[in-house]
Amino acid sequence: MTNKLFSPYTLGPTTLSNRMVMAPLTRSRAGDGDVPVDLAVTYYTQRATAGLIISEATQISPQGKGYPKTPGIYSDAQITGWKRVTDSVHAHGGRMFLQLWHVGRISHPSTQEDGILPVGPSAVKPAGKIFTDTGEQEFVTPRALELSELPGIVEQYRQAAQNAKAAGFDGVEVHAANGYLLDQFLRDGTNQRTDEYGGSIENRTRLLLEVVEVVSEVLGADRVGVRLSPYSNFNDMHDSDPVPLFTYVAEKLHGLGIVYLHVIEPVNADHPMAMPESKTAPIAPVLHKAFGATFMLNGGYGKETGTAAIENNEADLICFGVPFIVNPDLVKRYETNAPMNTPDQSTFYGGGAGGYTDYPALTG
Ligand code: PHB
């Protein structure tokens, strides 16, 4: 029987050659001005046999930047850099979405322009430390965004979607996961606002929905996906009652007609983003039902688990992270049951070609 993982998939107007998606993966190798460089063209092109590539998280503005050397999509040079990536990926038969990122409080004055404070829904400091140009530093307490600033944030997303279109992407993924700005608004551990963007589930979801609406106006909702990580505690996140919150989010996103919902729910307990709750009460099936359209799962999947998730109708598309970092030709390796390359964690973030573009493909 043919394995559905390798069968084409129609994602709105975009035809994917298979159901294996390359996860958005921060690699911290952008050049001056946070522009994707030649190596990025090589890296993504090497992986163009993925059914869909989701770009590394890409800041929509200088304020949205959280770590050194992550790329942006707000300057002309960044648009030009990304256009070189998409042209090459397309020339090799691939499809590519850009992940739109605003980090909110997960930043540091040394990563912000003029050393200003990062912003968040509320002045709630994350526990722990953040990587900066001068090594790890304590998080600072972010500045709570004024109500009057929120239309400006939505505008940053609208412009970023426009820029993604100019850069030739097939669509965008709105990053509402992993404790970054939109997730900070969703969850009540970080959102303590008392205006119409805080308090009730409806209020906490408002910013995400406004963002998705404007981005969809620019690109068409059939070129917009959203990523959520409902149970993840990564970046010191929590919510008092995630199931009703994220069920509401999934239903509303379906109402806006977006093309896919992407949920991080690790399949194994030793995954870096595994969290206690998911072991007792999986939320992905609830969200799949509530969304009711193309559903993408991510979190420690391999060939067998990914195939099973598709065969069992748990998901339509499976997202692979580390396997795509270390195997540029992952699709072919899965198809032929070839051995996998070995990950070198020390080169995941930062550096040059080593551990980025030099993982070998199969020969012959
Ligand atoms: C990271 O750089 O560690 C990172 C970036 C984006 C994510 C998660 C982790 O969504």
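**A strand pair, then the rest**

A: One place to begin is Ile-130, whose bridge partner in S8 is Gln-137. Keep in mind that this is a predicted model.

Q: How do S7 and S8 pair, and over how many bridges?

A: Strand S7 and strand S8 (residues 135-138) pair in the antiparallel sense, with four bridges. The two strands form a hairpin, and two residues sit between them.

Q: Which residues of S7 are on its covered face, and which on the uncovered one?

A: Ile-130 and Thr-132 are on the covered face. Lys-129 and Phe-131 are on the uncovered face.

Q: What about S12, how many of its residues are buried?

A: Five of the five residues of strand S12 (residues 260-264) are buried. Both faces are covered, with Tyr-260, His-262 and Ile-264 on one side and Leu-261 and Val-263 on the other.

Q: Which strand is joined to S12, and is the run parallel or antiparallel?

A: Strand S11 (residues 224-228) is joined to S12 by four bridges, and the two run parallel. In this pair, Val-226 stands opposite Leu-261 of S12.

Q: Switching to helices. Which residues of H9 are buried?

A: In helix H9 (residues 303-311), the buried residues are Lys-303, Gly-306, Thr-307, Ala-309 and Ile-310.

Q: Why do they line one face of the helix?

A: Looking down the axis of H9, the buried residues fall within an arc of 160°, so they line one face. An α-helix has 3.6 residues a turn, so residues three or four places apart point the same way.

Q: And what do those buried residues pack against?

A: They pack against strand S14 (317-320) and helix H11 (330-336). Just after H9 comes Asn-313, which takes a positive phi of about 60°.

Q: You mentioned H11. Where does Asn-327 lie, and is it buried or exposed?

A: Asn-327 lies in the loop between H10 and H11. Asn-327 counts as buried because its relative accessibility is 0%. Apart from residues up to four places away in sequence, Asn-327 touches Arg-333, Met-340 and Asn-341.

Q: New topic: pockets. What volume does the largest one have?

A: The largest pocket has a volume of about 1400 Å³. Its lining is made up of 45 residues. Those that lie nearest its centre are Leu-25, Pro-272, Met-273, Phe-348 and Tyr-349.

Q: Which strands and helices each supply at least two residues of that lining?

A: Among them are strand S5 (96-101), strand S7 (129-132), S14 and helix H10 (322-326). By class, the lining of the largest pocket has 24 nonpolar, 15 polar and six charged residues.

Q: And the second largest pocket, what is its volume?

A: The second largest pocket has a volume of about 210 Å³. It is lined by 12 residues, and Glu-265, Ala-284, Pro-285, Tyr-301 and Glu-314 lie nearest its centre.

Q: Which helix gives the most to that lining?

A: Helix H8 (residues 284-291) does, with three residues. The lining of the second largest pocket has seven nonpolar, three polar and two charged residues.

Q: How many cavities of 30 Å³ or more are there?

A: The structure holds two of them. The largest cavity contains about 50 Å³ of space. Its lining residues are Arg-29, Ala-30, Pro-36, Ala-40, Glu-56, Pro-71 and Tyr-356. By class, five are nonpolar, none polar and two charged.

Q: Back to loops. Where is His-238 found?

A: His-238 is in the loop between S11 and helix H6 (242-255). At 45% relative accessibility, His-238 counts as partly exposed.

Q: What is His-238 in contact with, leaving aside neighbours within four places?

A: The contacts of His-238 are Arg-187, Asp-188, Gly-189 and Asn-233. His-238 and Leu-186 are 52 residues apart in sequence, and their C-alpha atoms are 9.9 Å apart in space.

Q: Last one: where is Leu-147?

A: Leu-147 is in the loop between strand S9 (143-144) and helix H3 (150-166). With 37% relative accessibility, Leu-147 counts as partly exposed. Leaving aside neighbours within four places in sequence, Leu-147 is in contact with Arg-193, Asp-195, Glu-196 and Tyr-197. Leu-147 and Asp-195 are 48 residues apart in sequence and 7.7 Å apart from C-alpha to C-alpha.

Methods. Residues are numbered from 1 along each chain as its sequence is written. This is a predicted model: local features need pLDDT of at least 70, side-chain atom pairs count only at pLDDT 80 or more; totals for chains, interfaces and linings use all residues. Side-chain values use heavy atoms; hydrogens and water are left out. Buried means under 20% relative accessible area, exposed over 50%, partly exposed in between (1.4 Å probe, protein chains only). The arc is that of the directions from the helix axis to the C-beta atoms. Contact means heavy atoms within 4.5 Å. On a 1 Å grid over the protein atoms alone, a cavity is a set of points where a 1.4 Å probe fits but cannot get out, and a pocket is an open set with protein on both sides within 12 Å along at least five of seven lines; lining residues have an atom within 4 Å of a point. Grid points are joined across faces, edges and corners, and a volume is the space filled by probe spheres set on the points. Ala, Val, Leu, Ile, Met, Phe, Trp, Tyr, Cys and Pro count as nonpolar, Asp, Glu, Lys and Arg as charged, and the others, Gly among them, as polar. Two strands pair if DSSP finds at least two bridges between them.
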